[in-house]
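Hi everyone, thanks for coming. Let's walk through a structure together, and please take a look at it on the screen before I start.

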Amino acid sequence: MQEDGGNNTQLYLINRAAQLNKKIFLKNSINRDWEDIAISTGPVAGKNYIYLADIGDNNAAYSTACFYRFEEPDQTKDTITTIDKIEFVYSDGARDAEAFLVDEATKDIFIITKRDTKSLVYKLAYPQSTSTINTAILVTTLAYNGVVSAAINTSGTEMIIKTYTNLYYYKKAANIAIDKALQTNYTLLSYQQEPQGEAISFANDNTGFFTLSEQFGSIPQQL
């Protein structure tokens, strides 16, 4: 997990009881407004990569946003030094976003906005440049807004899009791109709503999912 904007550039490894096991520091990075995180495929076949999204922009005022991408570390690591920065602009102006998905098959990144009347989905096609500014292209629109997190399961066949109040569950066929799958029918899932709930993830064994909140006033985070 990661903290929101303005906090330290570090990741937190927690267990299923929400107990902290490890902190890992990220060098050469800035936590302007980190919003979401995912594990997926990347440039080197057979390796897992962490994607960290610095895409929050409450006032749609920033000229660019970015993803940090690096190999998934083992638990002996204290510091990550080799990090790719994928900087990008939106094709039609700045947006506030808090959620994204990575297609494991194509390595394309799909960014989902929060504050638009209906949430917009933009695509950063692979291979994303780490030396020039990329352009995220609008590919579809959702039927709802307020998206704060998104997750895809390890087999790439199920997706959940989270707002503060709802979980939208989608099936995804292997040969269908994420943006096309998001145009199909969804099911609303029941879940225990938490205060300021801004994160969701599938369990590694696909037996369920986790939601996580930010600290809300005097109420601590809840997993």
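One term first: I will call a residue buried when its relative accessible area is under 20%, exposed when it is over 50%, and partly exposed in between. By that cut-off Glu 194, with a relative accessible area of 6%, is buried. We will come back to that residue. Please also keep in mind that this is a predicted model.

Let's begin with the sheets. Eight strands make up an open sheet, and the order across it is β3-β4-β5-β7-β11-β10-β9-β8, with mixed pairing. At the edges we find β3, residues 34–40, and β8; each has a single partner strand, so one side of each has no neighbour in the sheet. On average, neighbouring strands here are turned by 30 degrees against each other, direction ignored.

Now let's step across that sheet. β3 and β4 are antiparallel, paired over six bridges, and within that pairing Ser 40 stands opposite Tyr 49 of β4. Moving on, β4 and β5 also run antiparallel and are joined by six bridges; here Ala 53 has Phe 67 in β5 as its bridge partner. β5 and β7 pair in the antiparallel sense over five bridges, with Cys 66 partnered by Glu 87 in β7. Then comes a parallel pairing: β7 and β11, over three bridges. In that one, Val 89 has Thr 135 of β11 as its bridge partner. Finally, β10 and β11 run antiparallel, joined by four bridges, and Lys 123 is partnered by Ile 137 in β11.

How many of its six residues are buried? Six of the six are, so β4 is largely enclosed by the rest of the structure.

If we leave aside neighbours within four places in sequence, Ile 55 is in contact with several residues, among them Phe 67, Phe 88, Ala 97 and Ile 111.

Inside it, β13 and β14 pair over five bridges, and Glu 158 stands opposite Lys 171 in β14.

Next, a loop residue I like. Gln 128 is found in the loop between β10 and β11. Is Gln 128 buried or exposed? At 6% relative accessibility, Gln 128 counts as buried. Its side chain reaches two backbone oxygens: that of Lys 107 at 3.0 Å, and that of Leu 124 at 3.0 Å.

Last topic: charges. The structure holds eight salt bridges. One of them joins the side chains of Asp 84 and Arg 69, at 3.1 Å from N to O. Asp 84 lies in β7 and Arg 69 in β5, so this pair ties together parts that are 15 residues apart in sequence. Asp 84 is partly exposed at 26% relative accessibility, whereas Arg 69 is buried at 4%.

Now back to Glu 194, as promised. Lys 162 forms a salt bridge with Glu 194, with the closest N and O atoms 3.8 Å apart. Lys 162 sits in β13 and Glu 194 in the loop between β15 and β16, so the pair ties together parts 32 residues apart in sequence. Lys 162 is buried too, with a relative accessible area of 0%.

And one more group: Asp 92, Arg 95 and Asp 116 are linked in a network of salt bridges.

Methods. Residues numbered from 1 in each chain as written. Predicted model: local features only at pLDDT ≥ 70, side-chain atom pairs only at ≥ 80, totals over all residues. Heavy atoms only, no water. Contact = heavy atoms within 4.5 Å. Pairing = 2+ DSSP bridges. Helix = DSSP H or I, 4+ residues; strand = E, 2+ residues; numbered from the N terminus. Axes fitted to C-alpha atoms, helices over the stretch in contact; angles between N-to-C directions. Buried < 20%, exposed > 50% of the residue type's maximum accessible area, 1.4 Å probe, protein only. Polar contact = N/O pair within 3.5 Å; in protein donor to acceptor, adjacent residues only side chain to side chain. Salt bridge = Lys/Arg side-chain N within 4 Å of Asp/Glu carboxyl O.
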